[in-house]
Amino acid sequence: MKARAPGKVLLTGAYAVLEGAPALVVAVDRYAQADTARKEEDPTAEVAHALGDRAPACDRGHLFHEGTKIGLGSSAAVLVASLGAVYAARGQDLADSEVRSSIFSRARDVHREVQGGGSGFDVAASTYGGVLRYSLLSGVPCVLTTELPEKLHFSVFFSGQSARTSDLLGQVRTFKERDPDAHRRCILALGQASEHAVRQCEAGTAAEFIAAVRYFGQTLEELSEATSDAGDGVIVPLSFKRLTVAAAEERATFLPSGAGGGDIGVFLGEAPPSENFLKRASQLGMHALTLGIDRDGVRVLPAEVPV
């Protein structure tokens, strides 16, 4: 049995989602694809933890660029695709809401155990697909389907370098231990900015949503500055800041997706990025990725699709 699961792009809510703020995550049409007809020779740590020697072969090449991990949530997508293939091989319908809920809960638990934490928004995107409002209510995930504003355009750029989310989360924890009051102020500001962005996504225009995400990006830069001496990572690298300025010149915004660190960034505008923006991005080493929204989440693949 074969199954696939999409990757993800986080628009708002990085870090603050761990403290209960809502996040907006979009499932994208880059996939991990698993096949129970063959065993995986080199399973990821998450899949090995979940399935042991029953791990199906999984193709994750679409989540890499020239051999480098892009930052589209590959570990979550591989885990969900592998569990989906095993569930489907047992005769369970991946379109059934209870089956999906079971895959999400199992994958989120395993992901957190192996990675030492995390909210699970990437697992939700890989399981359910679409545009999701994701939050933790007293630690319990709340996943709601939503939509981006009409006339909103989003483009995703990859720097060519991977970033380790666990390192950046550790850096923020170090900041929290060193200066808990400053950490609280940063996370509170991020949370309020993300809540405003989510409201504008659900009830505002594209322009209002872009402005709200721009403000979220500014608060993320403040967290980046505050944590700059707490580790070797940088949440918002200089090249990303320069593209934020370039995006503002065309009434758009640009910010890191997820925990940051310099892997992927998202352009949000009422029109596609201009030739000047694309030229500037290329000069800074950024590659535009061709991505669309995946609406279906984890599902069975026809037998003839190669994996």
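Buried denotes a relative accessible area under 20%, exposed over 50%, and partly exposed the range in between, computed with a 1.4 Å probe on protein chains only. The structure is a predicted model, in which local features need pLDDT of at least 70 and side-chain atom pairs count only at pLDDT 80 or more, whereas totals for chains, interfaces and linings use all residues. Residues are numbered from 1 along each chain as its sequence is written, and side-chain values use heavy atoms, with hydrogens and water left out.

Figure 1. K151 has a phi near 70 degrees, a positive value in a residue other than glycine. This residue lies in the loop between β7 (140–146) and β8 (153–158); helices (H or I, at least four residues) and strands (E, at least two) are DSSP runs, numbered from the N terminus. K151 counts as exposed because its relative accessibility is 70%. R251 likewise has a positive phi in a residue other than glycine, near 55 degrees. Its loop connects α8 (238–248) and β9 (253–256). With a relative accessible area of 66%, R251 is exposed.

**Figure 2. Strand β8 and its pairing partners.** Five of the six residues of β8 are buried, so this strand is largely enclosed by the rest of the structure. Two strands are taken to pair if DSSP finds at least two bridges between them. β8 and β10 pair in the antiparallel sense over six bridges, and F154 has L268 as its bridge partner in β10. Three bridges join β8 to strand β11 (residues 287–289), also in the antiparallel sense. Within that pairing, V156 has L289 of β11 as its bridge partner.

**Figure 3. Strand β9 and its side-chain directions.** T253 and L255 point one way from β9, F254 and P256 point the other way, and all are buried. β9 runs antiparallel to strand β10 (residues 264–269), to which four bridges join it. The bridge partner of T253 in β10 is L268.

**Figure 4. The largest nonpolar core and residue F277.** In soluble globular proteins, nonpolar side chains tend to be buried together. A nonpolar core is here a set of buried Ala, Val, Leu, Ile, Met, Phe, Trp, Tyr and Cys residues joined through side-chain atoms within 4.5 Å. The largest such core has 96 residues, and those with the most contacts inside it are L11, Y15, F209, F254, L268 and F277. α2 gives the largest share of this core, 11 residues. Not counting residues up to four places away in sequence, F277 touches F157, L243, A246, A247, E250, F254 and F267, contact meaning heavy atoms within 4.5 Å.

**Figure 5. The largest pocket.** On a 1 Å grid over the protein atoms alone, a cavity is a set of points where a 1.4 Å probe fits but cannot get out, and a pocket is an open set with protein on both sides within 12 Å along at least five of seven lines; lining residues have an atom within 4 Å of a point. Grid points are joined across faces, edges and corners, and a volume is the space filled by probe spheres set on the points. The largest pocket has a volume of about 890 Å³. It is lined by 39 residues, of which S75, H111, Q115, D122 and T165 are the closest to its centre. At least two lining residues come from each of β1 (2–12), α1 (45–51), α2, α3 (97–115), α4 (121–128) and α5 (165–178). The largest share, four residues, comes from α5. The lining divides into 15 nonpolar, 17 polar and seven charged residues; Ala, Val, Leu, Ile, Met, Phe, Trp, Tyr, Cys and Pro count as nonpolar, Asp, Glu, Lys and Arg as charged, and the others, Gly among them, as polar.

**Figure 6. The second largest pocket.** The volume of the second largest pocket is about 280 Å³. Of its 14 lining residues, L18, E19, L169, V172 and R173 are the closest to its centre. α5 and α6 (180–203) are the elements that give two or more residues to this lining, and the largest share, five residues, comes from α5. By class, the lining of the second largest pocket has five nonpolar, six polar and three charged residues.

**Figure 7. The largest cavity.** A search of the whole structure finds one cavity of 30 Å³ or more. The largest cavity has a volume of about 40 Å³ and is lined by E40, D42, P43, T44, V47, P56, C58, R60, V78 and S82. β3 (56–59) and α2 (74–89) each supply at least two of the lining residues.
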